[in-house]
Amino acid sequence: MKDRTRRTFAFYLMVSPWLIVFLLFGLYPMLYGLFLSFTNYYGFNIHHLKFTGFHNYHNVFTDTDAMHALGTTLVVTAFNVPLGVLLGLGLALLLNVKVRGVGVYRTIFYLPSIVPALSSVLMWKFMFSSNDGILNNILKLLHLPEVNWLGYDYATVSLVMMLLWGAGGGVLINLAGLKGIPRELYEAAEIDGASGLSRLTHITLPLMTPVIFFNVIMGIIGSLQIYLQPILLTGTELLARPIEPNYLYFVHAFQQIFAFQRFAYGMALLWILFLIILLLSIVVFVTSKYWVHYETDQEG
Amino acid sequence: MKTAIGDRKGNPVVYVVLVAFSAVFLFPMYLAIINSLSPLMSTAALLPNGFHFENYKLATTMIAFWSYARNSIVICSISLCTSTLVSGLVGYAFARIQAPGRGVLFMIVLSTMMLPGIVTQIPTYILFHKYGLLDTYWPWLFWGLGGNAFFIFLYRQFFSSIPKELEEAARIDGCSIFRTYWNIFLPISLPVVATVSIMTFQGSWGDFMTPFMFLKQDHYPLATALSMISYTANGTKLVIQSVATAAGILLMLPVLATFFLGQRYIVEGIVTTGVKG
């Protein structure tokens, strides 16, 4: 009994740094932000806040900018997540074939995902720039019409292209998943005379569904919160409004908070997005019953 | 051995696809590097044009580049010294010490990984504003002391896989729980320590949003400074793209260097701990 209390004490002592910081700088600000979203806080009235009920939340749905930005964000997510997940999986499948120099390719695919966001934007801006940019020079060489990559028509395409450049980061997790598939399954399939394609569709893909599921969830969470890349790629400075096609939902929240000091409204915007993320994750979770393969003797 | 597609010998098609994708992934970096090394104000080129360092010289002299770099180092050091160690300690407790409430607390750790950082950051900004902590490096110390949910998770996965006998032997020898952690568990977790350190460094080196919120210009790290201050030609608003690109490359170099130094650990760390838990 004495040993048990000693262990409990040690456990709580060891986790206390995390626990205290979580309570003070995680949970408390979160609840404080939730509280502020129900007030009229705009930066100077912290000592005489007025409780406004669901006013801010109501405003989000009547704010055409916010709704339009939400639509754009969902479109970007609808392209970015499936393409990113497929790219990560496809490249991992290629690397999982016993090729020479796997390490080199793996490094090359993974590299863009660790480049600081700012560096990649600076590099891509150089590629996209309309007068004398690299991509346009290439189009010129091929006698194709030049494109205004960061203009109204192509800005979203350019954004997704830049985001997909970093999608190779998913290769590592996918490779880990592929390594976890028992060899015996492939050997048995080989004895049964299964072709490469049927091994892929009957063994590899079903057994990879938990990893795909993880990537889809993380992809959705990440993609709905994109704001730095569009601001840096198509805005002139951090607080400037990027052009319409790249005016994503989080960009709008960022603008409301930092450019217009509408803190309370901004918090309402963020909490609504948080709920949307939660909702989408629940949808993916519920449908996962039908497409994610779980081994029966193991918990998820 | 046959795997999902193709044979051990390697299908030429596979190599063609791999090389093509490698070219696509390397292309932007290649172009940025050769063009940043071109003479000043030259037109964008596809092929190397010698080694000229004018762009780099301007990138480091047009703004207070090195003083921002020093701020970056201060912020990274604070995060490295705190977050790496605390995450290890917390991960160890979650992996090896039985206590009531452990499961619930671990669920909380996992769920904080899902929470958008900005949902807590903006109210934190308002609170720090109230208590006069803005424009200091204190917030980084606080956050660092709390560890990082993902790193706690990595450490826990690693420590969970270590056989129980090791601990029992230590206990028979009369080691306290802390001594066991410090003398036995921490030394064998060096690959994880390396992974976590590199990731911490990369994260805090590249983060420009948090400093933008919490600091003023003099205390900005390099990443924030580069996002706020553009390299404009004298008196105009025209950004000199090649100089900005050179600055972007300079910002990227330390991250790439640490990656190459520790890539073995990172790959191993992610591949062995996996995502299934």
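Helices here are DSSP runs of H or I with at least four residues, strands are E runs of at least two, and both are numbered from the N terminus. The views below come from a predicted model, in which local features need pLDDT of at least 70 and side-chain atom pairs count only at pLDDT 80 or more, while totals for chains, interfaces and linings use all residues. Residues are numbered from 1 along each chain as its sequence is written, chains are lettered from A and ligands numbered from 1 in the order in which they are written, and side-chain values use heavy atoms, with hydrogens and water left out.

**View 1. A59(B) sits in helix α2 (residues 54-61) of chain B.** A59(B) is buried, with a relative accessible area of 0% (buried means under 20%, exposed over 50%, partly exposed in between, with a 1.4 Å probe and protein chains only). Leaving aside neighbours within four places in sequence, look for its contacts with F65(B), Y231(B), V243(B), A246(B) and A247(B); contact means heavy atoms within 4.5 Å. M252(B) is 193 residues away along the chain, and its C-alpha atom is 14 Å from that of A59(B).

**View 2. The largest nonpolar core has 190 residues.** Such a core is a set of buried Ala, Val, Leu, Ile, Met, Phe, Trp, Tyr and Cys residues joined through side-chain atoms within 4.5 Å. The members that touch the most others are F109(A), Y227(A), L270(A), F94(B), I122(B) and Y231(B). Each of domain 1 and domain 2 of chain B supplies at least three residues. Beyond four places in sequence, F109(A) has contacts that include L91(A) and L95(A) in chain A, and L18(B), F21(B) and F25(B) in chain B.

**View 3. R241(A) and D65(A) form a salt bridge (3.4 Å, N to O).** R241(A) is in the loop between α11 (228-234) and α12 (249-259) of chain A and D65(A) is in helix α3 (residues 64-96) of that chain, so the pair ties together parts 176 residues apart in sequence. Both partners are partly exposed, R241(A) at 41% and D65(A) at 28%. A salt bridge here is a side-chain nitrogen of Lys or Arg within 4 Å of a carboxyl oxygen of Asp or Glu.

**View 4. R96(B) and E167(B) pair in a salt bridge (2.9 Å, N to O).** R96(B) belongs to helix α3 (residues 65-96) of chain B and E167(B) to helix α8 (residues 164-172) of chain B, so the bridge links parts 71 residues apart in sequence. R96(B) is buried at 14% relative accessibility, and E167(B) is buried at 17%.

Conventions: Domain bounds come from an automatic or database domain assignment.
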